[in-house]
Amino acid sequence: MYSRNLHIQKVCKAAGRTIFEHTLIADGDRVLAGLSGGKDSLSMIDFLSMWKARVPIKASIEAAYVEIEELGQKLDTDALRRFCDERGIPFHHITISVDIDKDPSADKCFVCSWHRRKALFDLAREQSFARLALGHHLDDIIATLFMNMAYQGNISTMPVKVSLFGGKLDIIRPFGEIEEEAIAEYARLRDIPVQHAYCPYGK
């Protein structure tokens, strides 16, 4: 039990330090968290609900899952809603239609992620969220660095905080300084109900 609690506390402390050192969330912020059903985003929601209850600042946190009709990925959205409700996090389920095959030369993963991100941007703008929290971890950030070096010829990656639209919205990554292995163990220890969605373009 001690080692279990120690690991959970270690992850929470690291994410809390990232939030504090990079001013990811400030007093009065409205935060929209992207939720995919995977271990990273669900763990982030779980952490943020506990973090919100323990810090002196007042911030509101809501979650959104974006479903693309054409992919046929039928997650248990009722389970996602219950997960958020149990943590006092309002839940949004957005369904969009995207012609994934419109441009045969386009990378399917890029098209999918671009449209999901756009749907989150639209919701953030419509409901005046100042921050968009995403579940990327340190491994994602390092992988992006090498991908940009190999395919774009530049040294750049995803920062833990980036401002968009003239400062109207910040993308934040509370887990950006934590390794994926630590997040996976956190999800296991916290009994996070991870869902695995089938993707027709998975291969």
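Tutor: Contact, as the word is used here, means that heavy atoms lie within 4.5 Å. This is a predicted model, in which local features need pLDDT of at least 70 and side-chain atom pairs count only at pLDDT 80 or more, whereas totals for chains, interfaces and linings use all residues. Residues are numbered from 1 along each chain as its sequence is written, and side-chain values use heavy atoms, with hydrogens and water left out.

Student: Leaving aside its neighbours within four places in sequence, which residues is S36 in contact with?

Tutor: S36 has its place in the loop between β1 and α2, and these labels belong to helices (H or I, at least four residues) and strands (E, at least two) that are DSSP runs, numbered from the N terminus. The side chain of S36 also reaches the backbone nitrogen of G38 at 3.2 Å. When neighbours within four places in sequence are set aside, the residues in contact with S36 are S41, Y65 and L75.

Student: Is S36 buried, exposed or partly exposed?

Tutor: Buried means under 20% relative accessible area, exposed means over 50%, and partly exposed lies in between, with a 1.4 Å probe and protein chains only. The relative accessible area of S36 is 45%, and therefore S36 counts as partly exposed.

Student: Which residues touch the most other members of the largest nonpolar core?

Tutor: A nonpolar core is a set of buried Ala, Val, Leu, Ile, Met, Phe, Trp, Tyr and Cys residues joined through side-chain atoms within 4.5 Å. The largest such core here has 41 residues, and those that touch the most other members are I25, L35, I45, F47, L48, F175 and I178.

Student: And where does the largest share of this core come from?

Tutor: At least two residues of this core are supplied by each of α1 (2-21), β1 (30-34), α2 (39-54), β2 (60-68), α3 (77-86) and α6 (180-189). The largest share is seven residues, and the element that provides them is α2.

Student: How many residues are in the other core, which lies apart from this one?

Tutor: The members of this other core include I68, I96, L123 and F129.

Student: How are α2 and α3 placed, roughly parallel to each other or roughly antiparallel?

Tutor: Axes are lines fitted to C-alpha atoms, for helices over the stretch in contact, and angles run from 0 to 180 degrees between N-to-C directions. The axes of α2 and α3 come within 9 Å and cross at roughly 25°. Angles under 35 degrees count as roughly parallel, over 145 as roughly antiparallel, 65 to 115 as roughly perpendicular and the rest as oblique. The two helices α2 and α3 are therefore roughly parallel.

Student: What is the length of the polar contact that joins the side chains of H136 and R173?

Tutor: H136 is found in the loop between β4 (131-133) and α5 (138-152), and the residues it touches, beyond those up to four places away in sequence, are R117, M158, R173, F175 and G176. A polar contact is a pair of N or O atoms within 3.5 Å, where within protein one must be able to donate a hydrogen and the other to accept it, and residues adjacent in sequence count only if both atoms are side-chain atoms. Between the side chains of H136 and R173, the polar contact has a length of 2.8 Å.

Student: Is D191 buried or exposed?

Tutor: D191 has its place in the segment after α6, and its phi is near 55°, a positive value in a residue other than glycine. Because its relative accessible area is 64%, D191 is exposed.
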